[in-house]
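Keep the structure open as you read.

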Amino acid sequence: MRGTIPGLGSPHPLGTGLPALYHEDDLAQRLLAALDEVLAPVLCTLDNLDHYLDPKLAPLDFVEWLAGWVGAAVDESWPPERRRELVARTVALYRRRGTVGGITEQIELATGGRARVRDSGGVGWSTTPGAALPGTPRRQLAVRVAVPDAAAIDQRKVEALVAAAKPAHVAHQVEVVAG
């Protein structure tokens, strides 16, 4: 939670906006100085609002709020740089959601490793009516994630990530390996 910051001066002090009659009034100046102390963080935040909305520049606790704003699931155990990167790329990731490329990118961002996603489906065409459909009848994804330390990655979290990112009717299996 944001609050007063000792020593933070107001970029727009209220006392200078009073009529000249009150510039020398000690009570009025002290009262407005107290208000300036309370308003300074608000005014400084508003003056820098564009920086607060940029996940690469915002304070880390604000990045957590931005993650909720764009619907990004951020893991508290991730390093700050990875959290910032996920929030910055969430909108682009949602455009590719459910695709092999989108799932691969999301897993690599979440684990910091290298992901390989195989899809059993296929796309093809035929000039012969009634030809066999491409792919296998059972739709599934095979996900293999290569990370430097496989023990450091919680496979259940990767499985939950894949389950949320893939189409609901597609089965999946996840394998986390060192490499």
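D154 caps the N-terminal end of helix α6 in this predicted model. One of its side-chain oxygens lies 3.1 Å from the backbone nitrogen of R156. The helix itself covers residues 155-165. Its buried residues are V158, V162 and A165. Seen down the helix axis, they fall within an arc of 70°, so they line one face of α6. The general rule is simple: an α-helix has 3.6 residues a turn, so residues three or four places apart point the same way. What covers the buried residues of α6 includes α5 (100-111), β2 (140-147) and β3 (171-178).

Now turn to the sheet. It is open, has three strands in the order β1-β2-β3, and shows mixed pairing. β1 (114-119) and β3 are the edge strands, each pairing on one side only. From one strand to the next, the twist averages 15°. β1 and β2 pair in the antiparallel sense, over six bridges. R114 has its bridge partner, A146, in β2.

Helices pack here too. α5 lies across β1 and β2 and runs at about 155° to β1. α6 packs on the sheet as well, touching β2 and β3. Its direction makes about 145° with that of β3.

Last, the aromatics. The structure holds three aromatic pairs. In one of them, the rings of Y52 and F62 have centres 5.0 Å apart and planes at 80°, so the pair is edge-to-face. Y52 lies in α2 (residues 49-52) and F62 in α3 (residues 60-70), so the pair ties together parts that are ten residues apart in sequence. Both Y52 and F62 are buried. Together with W65 and W69, Y52 and F62 form one aromatic cluster.

Notes: Residues are numbered from 1 along each chain as its sequence is written. Side-chain values use heavy atoms; hydrogens and water are left out. Buried means under 20% relative accessible area, exposed over 50%, partly exposed in between (1.4 Å probe, protein chains only). Helices (H or I, at least four residues) and strands (E, at least two) are DSSP runs, numbered from the N terminus. The arc is that of the directions from the helix axis to the C-beta atoms. Contact means heavy atoms within 4.5 Å. A polar contact is a pair of N or O atoms within 3.5 Å; within protein, one must be able to donate a hydrogen and the other to accept it, and residues adjacent in sequence count only if both atoms are side-chain atoms. Rings of Phe, Tyr and Trp (its six-membered ring) pair if their centres lie within 6.5 Å; planes under 30 degrees apart count as stacked, over 60 as edge-to-face and the rest as tilted. Two strands pair if DSSP finds at least two bridges between them. Axes are lines fitted to C-alpha atoms, for helices over the stretch in contact, and angles run from 0 to 180 degrees between N-to-C directions.
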